[in-house]
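User: Could you walk me through how the helices and strands here get their labels?

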Amino acid sequence: MSQQSDENYLTTAEVARKLKVKPETIYAYVSRGLLTSVRARGRRGSLFAAADVERLASKSVEHSGVVEQIESELTLLQDDELYYRGHSVRQLATDQTVESVAHLLWTGELTKRHVFPAPADSVQLARSAMSVLPDSARLTDQLRVAVAVLGAADQMRFDLTLRSVVIAAEKLIGVLVAALPGRPAGAQDSLGKRLWPKLSPHPPRPEVLEAALILLADHGLAVSTVAARVAASARANLYAVVSAGLGALDGQYHGAAPTLAYEFLERAQRDPLQALSDQLRSGEPVPGFGHRIYRERDPRAEVLLGMLGDHPVVETIQVLAARMPSFPNSDLAVAAMMHAFEFRADAGDALFALARIIGWTAHALEEYAAPALRFRALGIYTGQTG
C-alpha cells in the first residue's frame, strides 16, 4: 500500500475517535461485516477505509449493537400525536386509503394506489394451509400459518429490492384478507370493504375499518417491530420478517391487548362501575387505559372513538374514563369498534396483525438499506465459571 493511498485509510484509534466507541468495538464491527480491515505495509495494526468509516458514522452506530437506538424516517411520536413520514395520522386515517398510506410508509410517496391483488391460486393455497388448523385456532393463528406457506411458494422471496418487496407485500396482505374465513367481497374493492364481511355481520362501514388499519399500521419501535427489524438485518425475506413480527405480536403484553380490552369492555357494558371495581380488586391493570409513551391522550383512540359517534359503547367508555386517572388507548377503541359492529371475538388481534404487516414491511425496507447484521447486544455472562 503506497503512502498516498494511506491517506484514504484510518487507524483503529482514529476510527474509535470518529465513531465515539472503544477500540474493541471496532473489532466487533469487523466481525459483523460493518467494517473491513486491511494490513498496511511497514506498520503494525489494521487500517480502515475512510469512506467505509464515514458511511458507518452516518448511521450513528455508537456501540457494538443498535438495540438501544435505531434511526428511522417512518414514524414520529411527539406531543401526544402520531405522524407517518411527517403526515398527521389523524388526517391520514380520515382522508386516505389503506393502500395509499401503506405506500407512503414503504416509499415515501402519498399517492392514490390501486387495490392490493389477491390471485386466486395464492388465495386457495392460503386457505388450504388454514384449513388444517383445529377449530379452536384464532384468526392470528391462521394468518401465521398462511404467511409461512405463501413464503415457501414465492420463488422470488429472496429478491430484497424495493420494487420486489413492495409487490410481495401488496400481494401478501391482499391474499391474507381474501383467504380469511367469512363472506367474500369484490376483488376490486378497497381493503376495508374486503375485510369487513370477514369480521362483522353488520352493514359495511369500511371507512371505520380502514381508519383502524391506518391508525395501527406502525407505532415506532414496538417489540414486534424490533423483532421484524432484527430478522431483516439478517437479510431474511419479507415473509420471514412478517413471521418474526407475528411471533412477538402473539405475546400477552403486545398483540393480545385488544382482546383483553374487548373482554373487559364486554363486562363493562353490563355494569361499568362493577366491572371497574372487579378489575381493580384483582390487582391487574385496567385493560385499554393509559400508555407508555402518550401522557394525556392517545390520538388513535380519539379518532376511532370519534367515528363511532353516539353509540352506547362510547358512553360506557366515558363512564369508565370519568373514574380512571388515565385515558382510553387504541386497544379500548378497537374493542369499542368490535362491540359496536359485533365483530368476532378474535378480530382485534387479527386486525392488529394485518395493520402491522404494513409497518413491518416499511421497517424491513429500512433495514435492507442499512449494513447487515448490525444488531448485536452485549451479553454479560452471569453463570458458573469452569
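Analyst: Happy to; we start with the ground rules and then take the labels in turn. This is a predicted model, in which local features need pLDDT of at least 70, side-chain atom pairs count only at pLDDT 80 or more, and totals for chains, interfaces and linings use all residues. Residues are numbered from 1 along each chain as its sequence is written, and side-chain values use heavy atoms, with hydrogens and water left out.

User: Why are helix 9 and helix 13 called oblique to each other?

Analyst: Helix 9 (residues 162-179) and helix 13 (residues 238-249) pack at an angle of about 55°, with their axes 10 Å apart. Angles under 35 degrees count as roughly parallel, over 145 as roughly antiparallel, 65 to 115 as roughly perpendicular and the rest as oblique, so this pair is oblique.

User: Which residues make the contact?

Analyst: With contact meaning heavy atoms within 4.5 Å, helix 9 brings Val165, Ala168, Ala169 and Leu172, while helix 13 brings Leu238, Tyr239 and Val242. By class, that contact has seven nonpolar, no polar and no charged residues.

User: What makes strand 1 and strand 2 edge strands?

Analyst: The open sheet has three strands in the order 1-3-2, with antiparallel pairing. Two strands pair if DSSP finds at least two bridges between them, and three bridges join strand 1 to strand 3 (residues 46-49). Strand 1 (9-11) and strand 2 (37-39) each have a single partner strand, so one side of each is left without a neighbour in the sheet.

How values were computed. Axes fitted to C-alpha atoms, helices over the stretch in contact; angles between N-to-C directions. Helix = DSSP H or I, 4+ residues; strand = E, 2+ residues; numbered from the N terminus. Nonpolar A, V, L, I, M, F, W, Y, C, P; charged D, E, K, R; others polar.
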